[in-house]
Structures are given as structure tokens and as C-alpha cells.
Amino acid sequence: MTVPITTAQYETLVSSGTFENTSGQTELIHGRIVHMNPQGPEHADPIDHLNEWSFEQVGRRFTIRIEKLILLVGQHSCPEPDIVWATRRRYSQRHPHPDEVHLLIEVSKSSVRFDRTEKMQLYAEAGIPEYWQIDIAEKTVTVHRDPHQQRYRSIQTYEQSDIIGPLCLPDAQLAIASLFTPDR
């Protein structure tokens, strides 16, 4: 029998340096520790682009968090999404809670299935209002909105020719093709 780890226990492990020599990302999902693959350049590049786009669009309206933990206490989960637009404040004493997350983005290569199923359910259950899942292989962005229990009521997939904007800042337009532009 496996005993789930609580968010408090996980935060203690993190603060004590337990995962310092671990390759890749470590997350707590539904009480279990999940190790993610290290990022290759085709995964890291869209994250870099989204990082720049986020800072250009947001100004000082939100706090932009890149690959930083969010706290989902009731679900025994501490995921580290690639990009989060959180309520503007300092997070030196605690991580953002779901009601402070306005946009959450995951870039997926080897984790496509996990991000489309378990992570999507996790974010919907937490009430994250908008979750973008970027599929590197398919060169698409699936936008999840209107969370209800363990699912989103609105799910739409956009292609490279599309432009999207988040609900929390509709004027922040992202050309999907820009995520997949090859090196020049």
C-alpha cells in the first residue's frame, strides 16, 4: 500500500533539498511524487517564447511565474506549470493558491497524455479558470475554460494559423505559429 504525501510533507522535502540532485522536474500530483523528463530545446524554446510574450503583454497586471510551484492543498498536489499568470503580489512566504491563478500554461512533448488527462483534471478540480496545453508534436494549443468538478466545459484546439488571447487579458494576443518558428 502506498501512503500519499501531503502538500506540507512535500514542501518540507523541497525546503530540505531532497530533490536538488534530481534531473528534470519533480512535482507532487494527487499525493504521489512524479518525475518529469528534462527539457530538450524543442520544449524549452516555446517556454522561453511564452515567457517573453507574457512579460510583454502583462506589464505589472499579474505576477508571471515560470516553472514555479502552485499549491493545491485539498488535492495533495504541488504542480510546477511552465507558465502561470498569478494575482499581482509577492510570493515569498507561500506559493499561489488556485484562486490566484488566472492563466496556466503547460508545454507538452513527452508529457502530452499526462497533461491532457491527469493535469487537466487536477486544474479543473482546483478551479483554475483557464488552462492552455501546448502540444509540440501536433503544433496546437488546446484551451480549457470554465472548470466544473474534474473537467472543463469549454475545450477548443487551435492550429498554427490561429491567434488566441486569455480571458483575463483578451488584448494579449498570441499567434500560435510563433511558438513553433524554427531557428533562423
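How many bridges join strand S7 (residues 140-148) to S8? Seven bridges join the two strands, which run antiparallel. Strands count as paired if DSSP finds at least two bridges between them. Helices (H or I, at least four residues) and strands (E, at least two) are DSSP runs, numbered from the N terminus. In S8, threonine 157 stands opposite threonine 142.

The model is predicted: local features need pLDDT of at least 70, side-chain atom pairs count only at pLDDT 80 or more, and totals for chains, interfaces and linings use all residues. Residues are numbered from 1 along each chain as its sequence is written, and side-chain values use heavy atoms, with hydrogens and water left out.

An open sheet is formed by six strands in the order S3-S4-S5-S6-S7-S8, with mixed pairing. Strand S3 (62-66) and strand S8 (151-158) are the edge strands, and each pairs on one side only. On average, neighbouring strands of this sheet are turned by 20° against each other, direction ignored. Axes are lines fitted to C-alpha atoms, for helices over the stretch in contact; angles run from 0 to 180 degrees between N-to-C directions.

Helix H2 (residues 41-58) packs on the sheet. Helix H2 touches S3, strand S4 (83-87), strand S5 (101-108) and strand S6 (130-135), where contact means heavy atoms within 4.5 Å. The direction of H2 makes about 25° with that of S4. Helix H3 (residues 112-126) also packs on the sheet, touching S5, S6, S7 and S8. The direction of H3 makes about 175° with that of S6.

The charged end of arginine 89 sits over the ring of tyrosine 91, 5.0 Å from its centre (CZ of Arg or NZ of Lys within 6 Å of the ring centre and within 35 degrees of the ring normal).
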